[in-house]
Amino acid sequence: MLKLQFIDGSRESIWLVDAIMKIGGDSSNNLILQGDGIAPFHAEILLQGEELSLKPVNPQAAVMINDKRIAGQQKLSIDDVISVGKTQLKIVTPGAEAKAKSGTKPVETSEWFLEIHASWAKQSRFPIRENAIVGRDESCDISVPVNHLSRQHARLTPAGGFLLVKDLDSTNGTFLNGEKITQGRAKSGDKLRFDVVTFEVIGPTRDDNRTVVRQAKPIANAAPSAPSSTASRPVPVVKATTATKTPTASAQAARPKSTASAVPPPPAETQSAESGSGSSLKWIILAGVILAVVAGIAAVMM
């Protein structure tokens, strides 16, 4: 069996097992393609026994095999490239497809590195990907050409905020920050030593023990707080006056204590009434005296 492979890798390859594979822009086709130059019904791939052939359906729509336009049905062979519009499809065997995939290494990114500055090192930083092997052997992910290292010395596995380190029964040991380990967890900034070769671990900055502070959400339609009356009220300024002398203890002791209860002063109206009655009495006495004098003078004249 053969497969139809998208050269640009935009889709998975398709098994060519149907007697007729219809290609075009219409939704009823087996292989639906979109874009400029694609007719609703563009072409057909025919399977007859073990032979494949390509047949144009629309005379106005270009169909090419290996960059050559075809006018009628034409046989297909392995590695032929079919051009339909801007889409290029290749006839491949499953084995050839698997080999092509294994030969193309995907671009990988890593957040973890081993860093060293040594004359033997071809580079100062070594990226650490999943289950990276460190050792003397050239096939190792991080190859260290030092005789004291084992061929496969240790395995490094990124795990979130840590780098898992496992010694692979090495002869001269693996050390994390000076302590010999069989397995352990390293973090960014730690020193990792394989026998006499020391690397610094470089990784993402992360603190799993840090408390994440969540900002409080504002309260919707919250009423504004009333201004403080104390804050807006002016504070009166009190001027200093001459202090009243407090009598000494001896003076207080010498002062006689009054046994009678203090009599409160009479009300203002009572004082006014008493003052008025006293004035009237004086005038009556004076009038009586005048009358007596007048009466005496009258008696003498008679």
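Visitor: What volume does the largest pocket have?

Guide: The largest pocket has a volume of about 240 Å³, a pocket being an open set of points on a 1 Å grid where a 1.4 Å probe fits, with protein on both sides within 12 Å along at least five of seven lines. The volume is the space filled by probe spheres set on the points, which are joined across faces, edges and corners. This is a predicted model, in which local features need pLDDT of at least 70 and side-chain atom pairs count only at pLDDT 80 or more, while totals for chains, interfaces and linings use all residues. Residues are numbered from 1 along each chain as its sequence is written, and side-chain values use heavy atoms, leaving out hydrogens and water.

Visitor: Which residues line the largest pocket?

Guide: Its lining residues, those with an atom within 4 Å of a point, include Trp 120, Lys 122, Phe 126, Arg 136 and Glu 138.

Visitor: Switching topic, which strand does β16 form a hairpin with?

Guide: β16 (residues 154-159) is joined to the antiparallel β17 (residues 162-167) by six bridges, strands being DSSP runs of E with at least two residues that pair if DSSP finds at least two bridges between them. Two residues lie between β16 and β17 in the hairpin, and Gly 160 in the turn has a positive phi of about 70 degrees.

Visitor: And what is the bridge partner of Ala 132 in β16?

Guide: Ala 132 has Leu 156 as its bridge partner there, and three bridges join the antiparallel strands β14 (residues 132-135) and β16.

Notes:
Helices (H or I, at least four residues) and strands (E, at least two) are DSSP runs, numbered from the N terminus.
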